[in-house]
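Dear colleague,

I am passing on the structure that I mentioned, and I would be grateful if you could look through it alongside the notes below.

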Amino acid sequence: MTPSGSDGWEIVYESWKLAAAGEKIISLAVGEHDIPTSKPILDNMFTSAQAGNTGYTPVGGVPALREAIADKITKTTGVKTAAENILVTPGGQFALFIAHMIALDPGDRALFLSPYYATYPGTIRSVGGAPIEIDPKPNSGFQPNLAEIAQKAKTARSLLINTPNNPCGAVYAPDTMESIRDICRAHDLWLISDEVYEAMIWNGHHTSAWHDAGNSAQSMVVGSFSKNFAMTGSRVGWLCGPPDVIALAENLATHTTYGTPGYIQQGALRALALGKALEKEVTAPFERRRNMALELLSAHPDVDFLSPDGGMYLMLDIRKSGLSSIEFAHRLLHEHKIVIMPGDSFGKAARGYVRIAFTASDEQFAFGFHTIVKFLEDLASA
Ligand code: PMP
């Protein structure tokens, strides 16, 4: 799965070792909230488990949750979506795996856009597919390179996209999504759209691949409770697709996960009932820290970066430091006790960048971000 021998997360493991040895580390690496799952959700899980909801559950998800997710999708996309369009999964990552398992036969070429979430190539390899990375056009703000996608689509079976994007914060505009759908239709390609950051939009609005029902016959959308509801550890997400696809996915789930814990699904139901208000509460700190970062950067015109339109990360261009992104991240960890992700973990296009997550308290984030910018400036002027 990781032919280079690296899964991109080494720096995080190293920071855990330092923390275990007693070092105080500011963690701006992993995409995880600095707050726990909210109490009403936990209460629901606890009450449900105490009441005996600790047995096997319907493999595709409990009907009430499938319906509630479908309902949410109907409301946000305008596309009438039913329980039969939804498979509840133990996390969005497993939905990514299932989607590719369904789309690909062994050896099929599977497209994905660089920079990308670190698991993408391994997920494709894990189902026997051949991952094909597509670079963005230079200086496009990491927007999809439509010409390149159309070219590579001729010999491929699927295309994986991610909006809002991890790591770069790009949000794909409606016309970009339409062009992507047109390409997929023209070349009979599965469109797999990872939308786990859908509630984190700071500029523009989210366009789902599910928006246009007539064109969705070969679309699968991956969603999750992890990011929008601060439920990363509960491992609950979904795959949305045409009913025949979801029936296949359910069959696959029978032979792999055998379902998602029932009391966790009750927590997910509570999250959906709390809805937009809770999503806002969970995501507001990321928007605040993103704005703090942009404000600080406005006073440092020599520092290059990508202004994120969505998501919980900012990409800083560190090429002026003279270091590779891996060297930069390692030195920052050892010299300043701050852990961030090297761009190399997210594909060729992100080399020369580091990804900074908005995942520490405002105070720690402000200190950490300021330290990173100063570290870069000092290196650049050395
Ligand atoms: N897709 C993207 C782009 C992600 O960043 C993540 C988690 N970091 C996932 C999918 C998987 O999320 P989960 O399995 O927790 O739902």
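This is a predicted model: local features need pLDDT of at least 70, side-chain atom pairs count only at pLDDT 80 or more; totals for chains, interfaces and linings use all residues.

Residues are numbered from 1 along each chain as its sequence is written, and side-chain values use heavy atoms, with hydrogens and water left out.

Around the ligand there are 14 residues, of which Gly92, Asp194, Tyr197, Ser224 and Ser226 come nearest; a residue is counted as near if one of its heavy atoms lies within 4 Å of the molecule. By class, this shell holds four nonpolar, seven polar and three charged residues, where Ala, Val, Leu, Ile, Met, Phe, Trp, Tyr, Cys and Pro count as nonpolar, Asp, Glu, Lys and Arg as charged, and the others, Gly among them, as polar. A polar side-chain atom of Asp194 lies 2.5 Å from a nitrogen atom of the ligand, while an oxygen atom of the ligand is 2.7 Å from a polar backbone atom of Gly92. For Ser226, an N or O atom of the side chain is 2.6 Å from a ligand oxygen atom. Of the 400 Å² of accessible area that the ligand has on its own, the protein covers 93% (Shrake-Rupley method, 1.4 Å probe).

As for the chain itself, the domain assignment, which is automatic or taken from a database, gives domain 1 (10–37 + 277–376) and domain 2 (40–274). Taken over C-alpha atoms, the centres of domain 1 and domain 2 are separated by 26 Å. Between them the two domains bury about 2,800 Å², with 61% of it on carbon and sulfur atoms; buried area here is the accessible area (1.4 Å probe) lost on putting two parts together, summed over both. On the domain 1 side, Thr37, Glu279 and Asp309 lose the most area to domain 2, together 23% of what that side buries.

Across this interface the rule finds one salt bridge, defined as a side-chain nitrogen of Lys or Arg within 4 Å of a carboxyl oxygen of Asp or Glu.

With best wishes

Notes:
A polar contact is a pair of N or O atoms within 3.5 Å; within protein, one must be able to donate a hydrogen and the other to accept it, and residues adjacent in sequence count only if both atoms are side-chain atoms.
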